[in-house]
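Trainee: I would like a close look at one part of this model, the contact between the two chains. Please take me through the side that chain A contributes, and say what to keep in mind about confidence.

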Amino acid sequence: MPESTAGKRPTITPVRVIIGLCLIAPFVAMLWVSSYAKVEPTFIGIPFFYWYQMLWVVISTALTMVAYTLWQRDQRARKGGASA
Amino acid sequence: MKDGVNGVALAVFIFFFVAVTVIGFMAARWRKAENENSLDEWGLGGRSFGTWVTWFLLGGDLYTAYTFVAVPAAIYAAGAAGFFAVPYTILVYPLIFTFLPRLWSVSHKHGYVTTSDFVRGRFGSKGLSLAVAVTGILATMPYIALQLVGIQAVLDVMGVGGGETTHWFIRDLPLLIAFAVLAAYTYSSGLRAPALIAFVKDGLIYLVIAVAIIYIPIKLGGFDDIFAKAGEAFATKNETAGKPVAGLVPGEMGQWGYATLALGSALALFMYPHSITATLSSRSRDVIRRNTTILPLYSLMLGLLALLGFMAIAAGVKVDNGQLAIPQLFENMFPAWFAGVAFAAIGIGALVPAAIMSIAAANLFTRNIYKDFLKPDATPAQETKVSKLVSLFVKVGALAFVLTMDKTVAINFQLLGGIWILQTMPALVGGLFTRWFHRWALIAGWAVGMLYGTVAAYGVASPTQKHFGGSSKEIPGIGEIGYIGLTAFVLNLVVVVVMTFVLNALKAPTGIDETSPSDYTADAGDPGVKTVLPPATVGAPGGH
C-alpha cells in the first residue's frame, strides 16, 4: 500500500486493518465457546474454562491498547498530511 | 440465615452508609458551576469530567449489584453458565471503542444530551425518537430493580430484613429507607453525587475483593478443593433434577446460550441511557478511547468475584434464595466488622449505579418526551424540576419490578432490560454509520423486536414463576437455546432492511438529516464543537 503522505489517503490502510483485527479478535475467541469449554488443563486448581477467559481479559486489554496507539498515530499522520 | 441481627456488621454498615449520604449531599458544591438549574449541570455534571472521573463513572455503571450479587449467585446456582458475564464485559470495550467516539462527536457538535436527541436529529423523526426514549426508560427500570435486590440481599443477611413471616412493610422497611436516601441525594445533587461517591465505593470494593479472593480460598483449602466440592455439588444437583442443570463447564447444549448471552449483553450495555450519560459527560472524544484501555481492569475483578459463587458452595453456604449466597459467605467467613465493610461495599455499590441510571432515564424523559411532546417552551428551571421528579418516578417503577418479579434469579432483571434496549440498536448504531436505513423501517423493526422479545420473555416459565422466568429460549430456525434479546434484535434488523428497500422503492419521504459526515469525527477544539454545552433549551435539536 502507498506510504506517501501526498494527496488523498485510501480509507482502508494496512494500519486500519490491524486495528480492525485487534478489535475483532476478542469476538472470535469468546464466541467460539466450544474451543474453551473444558476443565483441563487447570491452573492453580482453576479449570481451563475460567482462567482462559480471564486471560482473555488481559489479552483483549492489550489488543485495545495497540488499537488505540495505532489509531492515534493514524489520526496524527492524517491531520499532518492534510495541513502540509 | 443466622437468627437475629449481626450488631457489629450492622453498625459498620450504617457508619459507611451515613458517610456516603453526607458526601452525596455535599456533592452539590463540588466543582460547582454558575448555573445549577440547567439540565446539563444536574444531569451531566457540566460535561467536564476527564479520564479518571469518567472511568469511575463508567465503572460505577458496569460494576454494580450485578457484579457482586447477581453474577456470583448465577454461578452458585448453575455453575459455568453464569460466567458469561466475563466474555460479556470483554466484548463491551471493542464495541465502545468503535461506536461511542462517533456519538460523542456528533452530540457535542449538535448539543445532543440523549440517544433520542441524536436519533431525532439524524432521521428527522419524532416518532422514532419517542420510541428510543420510551425503550430507554423502560429498560432502565429492571436494571435499577436489580440494584435494589442487591441491597435487600445484604439487609436480609444482616438480619434486618426479617423473614418470610414478617409483615411485608416491616420486611421491606430498610429497603425503603435506603431507597429514600438514594432518591433524596440524587434529587438534590444530580450526577455529581454518584460521581463523588463512586470514589468511596470503588475504594471499598477493591479492598473487599482483594481480601475476599485471597483470604477465602486459603481458608477453604485452595482452588483445587473449591472446584472439587463444587463439581460434586453440581453432580448431585443434576442427579436430583434428572438432567444437566449445572456444571463446571457449559455442555454442548449450553454453548449457544452462553455465547448469545455474552454478545447480547455486550451490545446492550452501551446503549443504556446511563452508559450514554457517562460517555457524553467526558471532556473529549479521546477520553472515551483511552478509557477502553483501562476499564477492562474491572472485568478481571468481575471474573474473580464470579468465582465467589463456587466458594459459597465449597464453604457449605445453603440458601434458598441464591442472591443471599455471597453476603452469607461473607458473614460466615469474615469477622463481623469486616463483614460490615463488605456489606457496605455491596450496598453502596448498588446505590451509585441506581442513582446514575435514574438520572439518565430522567434526562431522557425530560428532553424527548416532556419538551418534545408536552411543553416545548419549558424553561431550563422547569426542565430540571421535571427531571428530578422523573428520577423519583423511575425508581418507583424499579420498586414495582422488585416487588412483582422473582428475586431469586436477579440476573434476569438485567437480561430483561437488555432485551428491550437492544431494539434501539439499529437506529442508534446504524445511524452513527449510515443514513441508509429508512426512519419508518426503523420504527417497524423496533416494534417487531419489542413485541417478539416481550412475548417470548413472558412465555418463559421457571420453577418458581410462570412468566418472565428466564431470558433464553429456542432460536427459531436454529433450534438452539439462545438469548431472546439477540433473537429479537436479528428479527428487528431483518425487518429494518426489508422495509428500507420497500420504502426507498416507494420513495417514501426520508426526513431531514441535520448532521453532516464531518460531525462524526469532530473532536474538542475543532470549530463548532462545544466543550461545555449551553443550557438544554438552546442546545435542543434544531435550535442551533
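Mentor: Chain B has a mean pLDDT of 79, with 83% of its residues reaching 70 or more. One stretch of chain B, residues 533-544, falls below 50 in pLDDT, yet in the model this stretch has 31 contacts beyond near neighbours in sequence. Where pLDDT is low, the predicted coordinates should not be read in detail. The scores for the model are ipTM 0.84 and pTM 0.84.

Now chain A by itself. Chain A holds 2 helices and 0 strands. Of its 84 residues, 24% count as buried. If you take the contacts in chain A between residues at least 6 apart in sequence, 58% of them join residues at least 24 apart.

Then the contact itself. Chain A gives 26 residues to the contact, and chain B gives 31 residues. On the side of chain A that touches chain B, the elements that give two or more residues are helix H1 (14-31) and helix H2 (48-83) of chain A. H2(A) supplies the largest share of that side, 12 residues. Sorted by class, the side of chain A that touches chain B is made up of 19 nonpolar, 6 polar and 1 charged residues.

A word on size: the size of an interface is often given as the accessible area lost when the parts come together. The description here is in residues instead, with 26 residues from chain A and 31 residues from chain B.

Terms used
Residues are numbered from 1 along each chain as its sequence is written. Chains are lettered from A and ligands numbered from 1 in the order in which they are written. This is a predicted model: local features need pLDDT of at least 70, side-chain atom pairs count only at pLDDT 80 or more; totals for chains, interfaces and linings use all residues. Two residues are in contact if their C-beta atoms, placed from the backbone, lie within 7 Å. Helices (H or I, at least four residues) and strands (E, at least two) are DSSP runs, numbered from the N terminus. Ala, Val, Leu, Ile, Met, Phe, Trp, Tyr, Cys and Pro count as nonpolar, Asp, Glu, Lys and Arg as charged, and the others, Gly among them, as polar. pLDDT is the predictor's confidence in each residue, from 0 to 100. A residue is buried if 20 or more other C-beta atoms lie within 10 Å of its own, exposed if 12 or fewer, and partly exposed in between; C-beta atoms are placed from the backbone.
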